[in-house]
Amino acid sequence: QVRLAESGGGLVQAGGSLRLSCVASGTFESVNLMAWYRQAPGKQRDLVAHITSAGSTYYVDSVKGRFTISRDNAKNTVYLQMNSLKPEDTGVYYCYVNGRIGAPSNFVVWGQGTQVTVSS
């Protein structure tokens, strides 16, 4: 079983910064894609950024230049550094990880979510 533990959310004023962390633990062979999603109140869960095992990254346009996703493969951890936060960044941030348990089995797991609130 693979589990994710998220941390780092909180309340911050507009223009401030937060850093989210997500650690994958359990029994698995490898971790492939790691990502952060965001769900604003009353809206669907949307992708914010992802990073592959090789380090390739993707960002949604609204966070480019402000957010940085990174990972530590030795620690099975993904980070999201969020700078210049805006009120529209408010929401519950979910960590997403997929990988391999053992050929041919793959896994997909979600974190429990961490609240980020940006006040104006």
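Select T68: at 42% relative accessibility, T68 counts as partly exposed (buried is under 20% relative accessible area, exposed over 50%, partly exposed in between, with a 1.4 Å probe and protein chains only). The model is predicted, with local features needing pLDDT of at least 70 and side-chain atom pairs pLDDT 80 or more, while totals for chains, interfaces and linings use all residues. Residues are numbered from 1 along each chain as its sequence is written, and side-chain values use heavy atoms, leaving out hydrogens and water.

T68 is found in strand 7, residues 67–72 (a strand is a DSSP run of E, at least two residues, numbered from the N terminus). Leaving aside neighbours within four places in sequence, T68 is in contact with Y59, Y79, L80 and Q81 (contact means heavy atoms within 4.5 Å). The C-alpha atoms of T68 and Y79 are separated by 8.0 Å.

Select L80 next. Beyond four places in sequence, L80 touches residues including W36, V48, F67 and Y93.

Of its 29 residues, W36, L80, M82 and Y93 touch the most other members. Strand 3, residues 18–26, supplies the largest share of this core, 4 residues. Apart from this core lies another, of 5 residues, among them A35 and Y37.

Last, select R38, Q39 and V48, which are among the residues lining the largest pocket. The largest share of that lining, 3 residues, comes from strand 5.

Methods. 1 Å grid on protein atoms, 1.4 Å probe; cavity = no way out; pocket = protein on both sides within 12 Å on 5 of 7 lines; lining within 4 Å. Core = buried A, V, L, I, M, F, W, Y, C linked by side-chain atoms within 4.5 Å.
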